Amino acid sequence: MDGQSLIAAASAVGAGLAMIAGIGAGIGQGYAAGKGAEAVGKQPEAQGVITRTMLLGAAVAETTGIYGLVIALILLFANPLLG
Amino acid sequence: MDGQSLIAAASAVGAGLAMIAGIGAGIGQGYAAGKGAEAVGKQPEAQGVITRTMLLGAAVAETTGIYGLVIALILLFANPLLG
Amino acid sequence: MDGQSLIAAASAVGAGLAMIAGIGAGIGQGYAAGKGAEAVGKQPEAQGVITRTMLLGAAVAETTGIYGLVIALILLFANPLLG
Amino acid sequence: MDGQSLIAAASAVGAGLAMIAGIGAGIGQGYAAGKGAEAVGKQPEAQGVITRTMLLGAAVAETTGIYGLVIALILLFANPLLG
Amino acid sequence: MDGQSLIAAASAVGAGLAMIAGIGAGIGQGYAAGKGAEAVGKQPEAQGVITRTMLLGAAVAETTGIYGLVIALILLFANPLLG
Amino acid sequence: MDGQSLIAAASAVGAGLAMIAGIGAGIGQGYAAGKGAEAVGKQPEAQGVITRTMLLGAAVAETTGIYGLVIALILLFANPLLG
Amino acid sequence: MDGQSLIAAASAVGAGLAMIAGIGAGIGQGYAAGKGAEAVGKQPEAQGVITRTMLLGAAVAETTGIYGLVIALILLFANPLLG
Amino acid sequence: MDGQSLIAAASAVGAGLAMIAGIGAGIGQGYAAGKGAEAVGKQPEAQGVITRTMLLGAAVAETTGIYGLVIALILLFANPLLG
Amino acid sequence: MDGQSLIAAASAVGAGLAMIAGIGAGIGQGYAAGKGAEAVGKQPEAQGVITRTMLLGAAVAETTGIYGLVIALILLFANPLLG
Amino acid sequence: MEEISNLVLFLLNWLQQFSAKTLVLAATALAAGLVMIGGIGPGIGQGFAAGKGAEAVGDNEDNSNNVTLVMLLGAAVAETSGIFSLVVALILLYANPLIGVQGVGIVLAASTLGAGFAMIAGIGPGIGQGYAAGKGAERVGRRPKYQSLIVRTMLLGQAVGQTTGIYALVVALILLFANPLLG
Ligand code: NA
Ligand code: NA
Ligand code: NA
Ligand code: NA
Ligand code: NA
Ligand code: NA
Ligand code: NA
Ligand code: NA
Ligand code: NA
Ligand code: NA
């Protein structure tokens with residue numbers, strides 16, 4: 001077994017670990033979805049601004065999930081550790 | 001045992017780890033389901049807009065779970081680390 | 001021991017890890033169950049729409065748990081990493 | 001030690017990991033139990049519909065814990081990875 | 001050291017992991033305990049139905065903890081992986 | 001190093017892992033303590049029934065922590081895996 | 001390296017893992033502290049019964065943390081696995 | 001296998017672990033999104049100040065996710081541990 | 001393979017683990033962001049003191065994330081363990 | 001490949017090429033990372049206190065100084081776990097007593113790791129005490145008259161909530177400084 005194989009194997013595990021970051025956005029955006037649904041039920045006339053604020057906040061909450069995805073993709077497709 | 005086997009073995013573990021991201025969407029979307037049920041109980045006449053907002057928000061919350069699934073499928077079926 | 005055994009062993013661990021995703025749906029759907037029970041207690045006449053919204057939301061929350069199950073079943077019964 | 005032993009050993013660990021999914025149903029159903037108890041205290045006359053909704057929601061929340069149990073039982077009693 | 005020892009060792013770890021499922025019932029049932037105590041304080045006359053609902057819900061929440069216990073006991077006392 | 005030592009070593013780790021189940025009861029019973037304190041503050045005259053309900057619910061929440069303890073004690077003092 | 005050393009090493013790790021159980025009591029008792037502080041602020045005249053209920057509940061929540069400590073101390077000072 | 005390969009392999013795992021920090025910002029910012037959506041629904045005229053406060057707070061919550069990303073990028077692209 | 005490589009490899013993993021501390025600040029500061037947004041919506045005239053309190057509290061919540069970052073940077077750039 | 005035919009023996013043999021000191025140093029690097037995970041707790045808890053504090057000063061601007069004071073006092077208590085973690089990490093990095101001790105490398109290394117795992121318990125007190133800080137600040141904002149009673153109850157509850165963090169610290173220090181497993 002050569003060193004390159006060990007690095008590739010560890011990269012597969014690292015890519016899986018990086019995806020775990022996505023737990024956060026899933027919980028947070030789901031919370032926002034619930035509060036948004038509650039808010040439009042109470043003030044249907046404010047639906048536009050409620051939905052926009054929910055989506056703006058959810059977009060912000062997505063970033064760390066994206067970071068994890070980017071690191072995983074780098075480990076899989078453009079791995080600087082593999083010589 | 002050759003290096004390719006080690007990479008494949010690590011990929012199986014990495015695929016399992018990547019799925020853990022799905023915890024987030026499960027919690028978050030369940031929260032949205034609960035708030036949605038509460039909201040339609042209070043304002044049955046607003047059921048349409050409540051359900052649409054809940055589903056829109058839940059779709060947003062699904063993405064990081066999908067990212068995890070995609071990385072797992074890449075590790076299993078189109079693994080760039082396997083030579 | 002050959003490389004195939006190592007891959008099979010890692011697949012057993014990966015299958016177990018993938019199931020952990022199910023934590024999310026369990027928490028989220030249980031939350032929805034609680035809010036649903038609360039809502040039907042307050043508005044028994046809206047029981048139909050409350051239950052439908054709860055179940056619709058819970059179905060959405062189930063998906064990432066299903067993804068985990070699918071990856072586990074692939075690792076066990078149709079493992080592409082095993083030559 | 002042969003490869004079969006390694007697979008069997010990993011399957012024991014994988015079975016243990018798969019059970020961890022049960023955390024979700026435990027939390028979620030307990031939440032539903034608490035909301036159910038609260039609701040029947042407030043509207044004892046709605047006890048029937050409250051309890052039915054709580055149990056329906058809890059049954060939905062049980063599924064991913066069952067998935068984990070099924071994968072564990074497969075790993076222990078009908079392991080397709082063991083030749 | 002033979003293969004049987006490796007399987008037995010892994011079974012000890014797997015049994016420990018399976019118990020972690022119990023976190024869920026502990027949190028959930030404790031939540032139910034708190035809501036139950038709150039509810040009987042507000043409606044002491046409904047103590048009977050509150051306590052019964054709390055215990056029924058808690059029994060449902062116990063199951064995945066029991067699943068974990070059963071898998072651990074199988075791994076320790078009736079291990080099908082040990083030849 | 002013999003196989004018995006490996007099993008004993010893994011049992012020590014398994015015992016430690018099993019104790020982690022106790023997180024659940026700690027959180028849940030603490031929640032019950034907080035709700036109990038709140039409830040007796042609001043209805044001091046119902047202190048008896050509040051405390052009894054809190055303790056009954058907390059006893060239920062303790063079980064999975066006890067399961068973890070029992071498995072740990074079996075692994076340490078009556079280990080069926082050690083020949 | 002002999003078998004006794006491996007058991008001692010694993011016992012050190014197991015002792016550390018067992019302490020993780022303490023997360024639960026810390027969260028739960030802190031919740032009780034917060035609700036207690038809130039309650040005495042609302043009903044200062046009920047301070048005695050609030051504090052006693054909070055402490056009683058917190059004592060109950062401590063137990064699984066103590067279990068973890070006891071297992072850790074057994075692993076360190078009275079280890080039955082070490083011959 | 002040489003030492004440099006071992007360090008590179010460990011760096012891939014370390015990079016994956018560092019990304020897990022992102023769970024926090026995802027949850028927290030999603031909570032802010034939900035409260036922001038709720039607040040603009042209640043006071044649409046205060047939308048400007050609500051959104052600015054939500055985004056300011058979310059920016060603060062992003063930092064530890066960024067720290068994790070920076071450490072991962074250092075491990076991958078400018079690793080001081082690799083000679 | 002020399003010992004220095006093993007220490008450097010462990011340092012890479014340790015740096016990744018240390019970053020996980022950042023989960024806390026992300027959740028907590030996001031909560032503060034949400035409550036801050038809610039509060040300025042209710043009392044826009046108190047925006048100054050609300051924002052200052054939110055930021056002061058968030059600064060306090062940042063510290064353990066910074067500690068984790070400092071330990072990771074020491075492991076990477078000024079590692080006292082590497083001879 | 002014969003040498004991997006028994007994965008456990010392969011690993012143990014592979015580790016045996018290193019000196020005891022090297023194994024402890026490597027374990028120290030891992031443990032320093034593990035102990036920092038305890039810092040999750042104060043982050044969550046103090047953030048909760050920040051949110052409740054912000055809410056409370058908005059509701060009662062006249063009383064904002066007392067609210068802030070209680071928030072910071074409670075948050076300072078909640079920092080304890082984070083400080084414990086940082087101190088243990090610094091001990092590990094700069095003065096790990098197990099480095100250089102005569103003994104079996106794997107026991108010394110595992111003891112260092114065990115100390116790292118134990119400190120993770122600090123998550124609990126950090127979250128819980130921070131929650132108490134937030135509720136204390138909230139209540140002091142609404143009922144300034146009862147500030148001392150509220151703060152006393154908060155501190156009493158926080159003290160109770162600290163114990164499992166102390167247990168973990170004690171076990172970690174035993175593993176590092178008075179390890180009974182070192183023959
Ligand atoms: Na973000
Ligand atoms: Na998303
Ligand atoms: Na879903
Ligand atoms: Na389900
Ligand atoms: Na159940
Ligand atoms: Na129980
Ligand atoms: Na207890
Ligand atoms: Na931050
Ligand atoms: Na802090
Ligand atoms: Na305590």
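Student: Let's begin with one residue: in which helix is the place of V40(F)?

Tutor: Happy to. A word on the basis first: this is a predicted model, where local features need pLDDT of at least 70, side-chain atom pairs count only at pLDDT 80 or more, and totals for chains, interfaces and linings use all residues. Residues are numbered from 1 along each chain as its sequence is written, chains are lettered from A and ligands numbered from 1 in the order in which they are written, and side-chain values use heavy atoms, with hydrogens and water left out.

V40(F) sits in helix α2 (residues 22-42) of chain F; helices here are DSSP runs of H or I with at least four residues, numbered from the N terminus. Its relative accessibility is 0%, so V40(F) counts as buried (buried is under 20% relative accessible area, exposed over 50%, partly exposed in between, with a 1.4 Å probe and protein chains only). Setting aside residues up to four places away in sequence, V40(F) touches Q47(F) and I50(F), and also V49(G), I50(G) and T53(G); contact means heavy atoms within 4.5 Å.

Staying in chain F, helix α1 (residues 3-19) has 17 residues, which should span 24 Å at 1.5 Å a residue, and its end C-alpha atoms agree at 25 Å apart. The expected span is 1.5 Å times one less than the number of residues. Of the 17 residues of α1(F), 16 are buried, so this helix is largely enclosed by the rest of the structure.

Helix α2 (residues 22-42) of chain G and helix α3 (residues 47-77) of chain G have axes that come within 9 Å and cross at roughly 175°. Axes are lines fitted to C-alpha atoms, for helices over the stretch in contact, and angles run from 0 to 180 degrees between N-to-C directions. α2(G) and α3(G) are therefore roughly antiparallel to each other (angles over 145 degrees count as roughly antiparallel, under 35 as roughly parallel, 65 to 115 as roughly perpendicular and the rest as oblique). On the α2(G) side the contact includes A25(G), Q29(G) and V40(G), and on the α3(G) side it includes Q47(G), I50(G) and E62(G). By class, the residues of this contact divide into 9 nonpolar, 4 polar and 1 charged; Ala, Val, Leu, Ile, Met, Phe, Trp, Tyr, Cys and Pro count as nonpolar, Asp, Glu, Lys and Arg as charged, and the others, Gly among them, as polar.

Helix α2 (residues 22-42) of chain C and helix α3 (residues 47-77) of chain C cross at roughly 175°, and their axes come within 8 Å. That makes α2(C) roughly antiparallel to α3(C). Among the residues that meet are G22(C), A32(C) and V40(C) in α2(C), and M54(C), A58(C) and G65(C) in α3(C). The contact of α2(C) with α3(C) has 9 nonpolar, 5 polar and 1 charged residues.

A pair from two chains points another way. Helix α1 (residues 3-19) of chain B and helix α1 (residues 3-19) of chain C pack at about 5°, with axes 7 Å apart. α1(B) and α1(C) are therefore roughly parallel to each other. Their contact has 12 nonpolar, 5 polar and no charged residues.

Chain C also meets chain D: 41 residues of chain D and 45 residues of chain C take part. About 3400 Å² is buried between them, 79% of it from carbon and sulfur atoms; buried area is the accessible area (1.4 Å probe) that two parts lose on being put together, summed over both. In chain D, the residues that lose the most area to chain C are Y67(D), I71(D) and L81(D), together 16% of what that side buries. In α2(D), 20 of the 21 residues are buried, so this helix is largely enclosed by the rest of the structure.

Chain D and chain F do not touch, their nearest C-alpha atoms being 9 Å apart, and chain B and chain G do not touch either, with 20 Å between their nearest C-alpha atoms.

How values were computed. Helices (H or I, at least four residues) and strands (E, at least two) are DSSP runs, numbered from the N terminus.
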